[in-house]
Structure formats: structure tokens, C-alpha cells
Amino acid sequence: MRHDSGKGWIARGSVMFEVEQRRSAPFVDHIDHAVRRTIDIAFSTILLMLTSPLIAVLVLAIRLDSPGPAFYRCRRVGLRGRPLHMLKFRKMHDGASGPALSSPDDVRFTRLGSFLARTKLDELPQLWNVLKGEMSLVGPRPEDPAFVELRREAYSMILEVRPGITGLSQLAFATETEVLDPDDRMGHYVNKILPQKIAMDSLYAKQRTVGMDIKILWWTLRAVVGGSDVAVHRATGRLTPRAPRTVPVEEHSPALLLQQKAS
């Protein structure tokens, strides 16, 4: 590690990031970390206990639905650039390869996989990553190393925060697979969606508080249980219900609908 003019280089795996050294009071940082970690441990333990019957059923269903393991480890970039193996339920055929981005009707999905993707139940095992301290309940969404490398300077601040299961960008793009341009999913994600996610995750990294985390958890609960869409204000991070969009019949073109969903 090399330090120069108040900045440092952090190298983890195949990705290198320039990060600003933290200047906040060590005692305040320690208390903040202790409170967040206590919340993470308490909630992840309770949720794992409550959902253990569901997890057992899903493990059995996945194994019966298609050959292969029930769990899948996604390679992501974690805290300070460390490699993160994010645990998920397997929703694709074992050994499937292809683009990093999936679609709602992806042929790689198993029969059960499309249901897991649509309901977000494939994310449930990440509670184990939280319990181990690799992730937090709330934080920036851990991204694929290839995408982080494309914007490594922009990720310098984001990677100073422990990645989370839910957060501002996760709520804003809960229906990401439906938003992406079916004719150019990769290009649309890299040029349109990824910059918006980076902006939201950077905003969270700058302004995060325990109170903000509690609000995000509350809105996540509303989204999961109530099925409501959540709107995230790009400048402030304020969370509100997403108003239903009404479009005149003559304006229901695929391009227009795509643009409105992403806004």
C-alpha cells in the first residue's frame, strides 16, 4: 500500500482503487460500526431463524427441479475491493454461461429459477454473508468486478462502505431486468443504469446514518411485503412511493415505455 498527499491506493484481487483516507473521529467511527454490526447480527440471525423452513423447502425444490447444487456463489467486489463470494439460490441450470445480465425470460433459468428471480427469493441466502460480516443489511449493491473496473475511480468512495442486501440503488432498480433494453442489455446497463447506481451508492456513502438505514429497511419491507414500487430522489436519497404512470394509448411505444421505467 502506498500513501501520497492524503490519498492511498488499495489493491484487492485484480482491481485497484484510489481512496481518500478517512478523517472522522475514530471513536465516532467505532460507535457507528458497533451499532450497525449489532443491527446486522441481530436482524440476520432472526431472519435466518424465521425463514429456515422456507430455506429448507427451497433447497429441496431446487435440487428436485434440476441437477446441481442449491446454492451459487456470485463473484463480486466487496469492502475495500476485497473479493466477495455472494451467496444466492441457484436459479440457472448448473454450469450455465453467458452474459452477466439476465432477462425475465432468460433461457438459462430453470423452471423454478424464473420464480426465484421474480420474487427476489434467490437473494435470501445473503443473510449468511451478513452474519459473517462480509455484507451488511443496508449498503451499496456489490457489483461484478468487470463493471467496477470500468468505473474504478467512481467506486473509490463506494468501496469504503460494506456492501448491502438492500439500499438506495437496489430499491430504485428493483425491476432492473424489465428496464434494460432487450436489444442491447449490456450497452444500456453500462451507459445508462450503472452511472445512476453509482450516483445513488455514492450519495449513500456520503450521507449514511443509522437512521437512514432504518428508513431503507422500512421501505424495503414495504416493497417486499406490500409489493409497492419505491422511488428514490436522485439528489437527496429521499424515499417515496412510486406513483403509477399513466400514458395515453397512442404513446405506448416500446421505446417510450423503456425510457419511463428507467426514469
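A salt bridge is a side-chain nitrogen of Lys or Arg sitting within 4 Å of a carboxyl oxygen of Asp or Glu. Keep that in mind as you look at this structure, which is a predicted model. By that rule, the count here comes to 13 salt bridges.

Let's start with Asp 106 and Arg 108. Their side chains meet at 2.8 Å, N to O, so the pair passes the 4 Å cut-off and counts as a salt bridge.

Lys 91 has a relative accessible area of 15%, and for Asp 122 the value is 3%. Buried means under 20%, so both residues fall in that class.

Next up is Arg 141, whose salt bridge partner is Glu 123, with 2.9 Å between the closest N and O atoms. Here too, distant parts of the chain are linked: Arg 141 is in the loop between β6 (136-138) and α4 (145-150), and Glu 123 is in the loop between α2 and α3, 18 residues apart. Both Arg 141 and Glu 123 are buried.

Which residues are linked in a network of salt bridges? They are Lys 88, Lys 91, Asp 122, Glu 123 and Arg 141.

Note on methods. Residues numbered from 1 in each chain as written. Predicted model: local features only at pLDDT ≥ 70, side-chain atom pairs only at ≥ 80, totals over all residues. Heavy atoms only, no water. Buried < 20%, exposed > 50% of the residue type's maximum accessible area, 1.4 Å probe, protein only. Helix = DSSP H or I, 4+ residues; strand = E, 2+ residues; numbered from the N terminus.
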